[in-house]
Amino acid sequence: MQIKAMRDTFLTALYEKMKTNDSIFFLSADFGAPIVDKIREDFPDRFINVGIAEQNLINVGTGLALEGFTVYMYAIAPFVTMRCFEQIRVNISILSHLRTMNINIIGVGAGVSYAMSGPTHHCLEDLSIMKTLPNIEIFSPSDYSLSEAYLERTLSLRQAKYIRLDAKPMVSLSKNIQNFDNGFRVLQEGSELAIISTGYMTQKVMKIVQEFNITLIDLYLINTYCKSNLEKSLKYIDKIITIEEAFHSSGGLDSEINYNFKDKKIINLGFQKRYTFEVGSREFIHSKNGLGIKDITHIIKETLKHN
């Protein structure tokens, strides 16, 4: 089974577009990859490495967008969101009320992708803080097929977007992506319970739910999904479990579902409101926060038992 990194498929597709679209401009905050090297080498007049200066990345990118470029800003996820929050708020969110700008913030390292790097590199707050800002679409894919498919939307949708990519290679959960603009896909259908997850957690839950009569919904457009179509998918289901690799009860995926589906019984799963200093694998860190495979399986069984 083929595995690929979301970053690689997205940026490779972008590289191909840059061959024929002179309006695309790429900026990096001293963050590399082999495909980024190709972009720099082949399009030197539309590439800038601003250095380890994420706040300036937003400033320069906004200026280019105001000049009519379609801008892609590339950095490590916790740094490009949290370090730059005021720049994103003022230069992008507020200014987007007055000017149309096609700005795409690419953050690599969602959740605890960089598990071994400790809490400074864990990215558990970005969904919450980016959701507070108007005029920014949040894209949180669960595999490389989705990240590649999203590129066309970044070109056609002329507004700001935050592209939340995992750092690790993964399998494709479904290459047959229909109705992309719905913002979600149903990966498994069942009648007893629905699980709504995003990003890496969909990969994880997919391995667990196959033995249960459960609907699994992968939500990838966090704040711009089609609510009416999601309601149809949940019409005959009374209980929902939300799962995210982010702090729970903090304004992320769980608050989105809690607010829009008040008629359902909802259980929210996410990271405990504390930082994890223990060093280990991703599953080790998940287990420390009640999100291990055994933890999730136990919660599913207990929920089904009380149906």
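The legends below describe close-up views of a predicted model. Local features need pLDDT of at least 70, and side-chain atom pairs count only at pLDDT 80 or more, while totals for chains, interfaces and linings use all residues. Residues are numbered from 1 along each chain as its sequence is written, and side-chain values use heavy atoms, with hydrogens and water left out.

**View 1. Strand β5 and its two parallel partners.** Strand β5 covers residues 103–108. Helices (H or I, at least four residues) and strands (E, at least two) are DSSP runs, numbered from the N terminus. Of the 6 residues of β5, 6 are buried, so the strand is largely enclosed by the rest of the structure. Buried means under 20% relative accessible area, exposed over 50%, and partly exposed in between (1.4 Å probe, protein chains only). In a regular strand, side chains alternate between the two faces of the sheet. Both faces of β5 are covered. Ile103, Ile105 and Gly107 are buried on one side, and Asn104, Ile106 and Val108 on the other. Strands pair if DSSP finds at least two bridges between them. β5 pairs with β4 (residues 70–76) in the parallel sense over 6 bridges. Here Ile103 is the bridge partner of Val71. β5 is also joined by 5 bridges to β7 (residues 160–165), again running parallel. Leu165 in β7 stands opposite Val108.

View 2. A disulfide is a pair of cysteine sulfur atoms within 2.5 Å. By this rule the count is 0. The closest cysteine sulfur to that of Cys84 is in Cys123, 12 Å away, too far for a bond. Cys84 is buried, at 0% relative accessible area. Cys123 is buried too, with a value of 0%.

**View 3. The largest pocket.** Its volume is about 160 Å³. On a 1 Å grid over the protein atoms alone, a pocket is an open set of points with protein on both sides within 12 Å along at least five of seven lines; a cavity is a set where a 1.4 Å probe fits but cannot get out; lining residues have an atom within 4 Å of a point. Grid points are joined across faces, edges and corners, and a volume is the space filled by probe spheres set on the points. The pocket is lined by Ile3, Pro169, Met170, Val171, Tyr200, Gln203, Lys204, Lys207, Glu283 and Ile293. Two or more lining residues come from each of β8 (170–171) and α8 (200–209). The largest share, 4 residues, belongs to α8. By class, the lining has 6 nonpolar, 1 polar and 3 charged residues. Ala, Val, Leu, Ile, Met, Phe, Trp, Tyr, Cys and Pro count as nonpolar, Asp, Glu, Lys and Arg as charged, and the others, Gly among them, as polar.

**View 4. The largest cavity.** The count is 1 cavity of 30 Å³ or more. The largest cavity has a volume of about 50 Å³. Its lining includes Arg164, Asp166, Glu245 and Arg282. Tyr200 also lines this cavity. By class, the lining has 3 nonpolar, 3 polar and 4 charged residues.

**View 5. His121 in a loop.** The loop lies between β5 and α6 (126–131). His121 counts as partly exposed, at 24% relative accessibility. Contact means heavy atoms within 4.5 Å. Leaving aside neighbours within four places in sequence, His121 is in contact with Pro78, Phe79, Gly109, Gly111 and Tyr114. The C-alpha atoms of His121 and His248 are separated by 18 Å.

**View 6. Thr297 in helix α12.** The helix covers residues 293–305. Thr297 is buried, with a relative accessible area of 16%. Not counting residues up to four places away in sequence, Thr297 touches Ile208 and Phe212.
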